[in-house]
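Hi,

Here is the structure I promised to pass on.

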Amino acid sequence: MSETTYDIVTIGGGMAGSCLAKVMAEKGARVLVLERETEFKDRVRGEALLPWGVGETKELGIYDLLRATCAHEQKWFDFYMGPNQIMHRDLTATTPQSAPMCNFHHPKMQEVLITAAAKAGAEVRRGATVSGVRTGSRPSVTFQSGGSSNEVQTRLIVGADGRVSPTRKWAGFTIEHDPPSLMLAGILFDDMPVPEDTGYILVNPMLYRGVYLFPQGGGRVRAYFSYPVTEHRLQGESDIPRFIDECVKTGAPMEFYRGVKASGPLASFETADTWAPHPYKDGIALLGDAASSNDPSWGTGLSMSLRGVRLLRDRLLANKNWDNAGHEYAEEHDRSYDVIHTVTTWSRQIFMENGPEADARRAKAMPLIAVDPTRVPDHGIGGPDLPFDKTLAKARFFGEA
């Protein structure tokens, strides 16, 4: 067994793992990043960063880097319910962060951040496969790299290895799930003629479907479609015509899709939240989707990941006892996630669900929202630090007060 040589080992070199490695290496920590992939490839993952997530990039010092290399800014946010436009919002003028949305191609963003982590002084090992972790006062990680087996000790292990995190399982974290209800299909299109300065969401509760379009610049758009989990799973090249047809049936303009070219795979995944309450114990902190995966229909995942990075960084820098710092991080993470989870659940119940009970909710809520749009909680766009009285917020949103 090797001697303790690292302050932090991050399992996963995506946005959360690489960003934490960068900001902690800049503060003098010795960091090892273990990333399984030697080359980041396109998979259907979140690529929309909401204004409160843009605010987190500024706090972490990566905003200018992302903007210069891969981020495409969107000032406007359009929201439709069926044929009716509910919102045409200037995000830079109406958010606490005075910020737009930012979209980027996920593999390019990953490459930018893992390279930045290495430049900041973190040791990065690509093609490394982690096989286990050991918790306790001297945590350790076992992994294979370059044809050899290695075990390193560290002050802190950070599991940033995604929604089905092996680290979470190895360390014995409790996992909670919401009941499955929707699938989300996604694909990358080129030559898609949507306004490049606008994020577009259309929900059709009568059909229990939604369409989401997030331009990345130069005619490239990440397109999503949400639909009931009980229906045919849209997957693979042969389902692309059906994907387009379903989006148009939901209410999206046909002209958006005419002549588009697929430049990535079509894949679907189930959207229900998965989370680990209190994502720290025994020298292991969970970060990003490993800590909490919010329904991607509402686009909060990347913002929540960056917030987790900032919370963990700040606690580690402020407290020499990293065990205490880990528990403080977990408490702050859970507070933020509870706000986002609650508001996105309500949004699904009002804007997406169908059936008599959902129709009755909308009949009560929507006339009041039409008169006073502030009844819709803004935490999904403005962030979990906005004031939040759960009882009052729900009563206003659902038209009960």
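Arg 307 and Glu 56 form a salt bridge, with their closest N and O atoms 3.0 Å apart (a salt bridge here is a side-chain nitrogen of Lys or Arg within 4 Å of a carboxyl oxygen of Asp or Glu). This pair links distant parts of the chain: Arg 307 sits in helix α8 (residues 301-318) and Glu 56 in helix α2 (residues 51-60), 251 residues apart. Helices are DSSP runs of H or I with at least four residues, numbered from the N terminus. Both Arg 307 and Glu 56 are buried, where buried means under 20% relative accessible area, exposed over 50% and partly exposed in between (1.4 Å probe, protein chains only).

Before going on, the ground rules: this is a predicted model, so local features need pLDDT of at least 70 and side-chain atom pairs count only at pLDDT 80 or more, while totals for chains, interfaces and linings use all residues. Residues are numbered from 1 along each chain as its sequence is written, and side-chain values use heavy atoms, leaving out hydrogens and water.

The count comes to 27 salt bridges. Another one is Asp 314 with Arg 313, at 2.9 Å between the closest N and O atoms. Asp 314 is partly exposed, at 24% relative accessible area, whereas Arg 313 is buried at 13%. Asp 359 and Arg 362 also meet in a salt bridge, 2.9 Å from N to O. They are three residues apart in helix α10 (residues 356-371), so about one helical turn separates them. Here Asp 359 is partly exposed at 32%, and Arg 362 is buried at 8%. Through shared partners, salt bridges join Glu 56, Arg 307, Arg 310, Arg 313, Asp 314, Arg 335 and Asp 385 into one network.

Beyond its neighbours within four places in sequence, Lys 22 is in contact (heavy atoms within 4.5 Å) with Gly 61, Ile 62, Ala 116, Ala 117 and Ala 120.

Cheers

Technical notes. Helix = DSSP H or I, 4+ residues; strand = E, 2+ residues; numbered from the N terminus.
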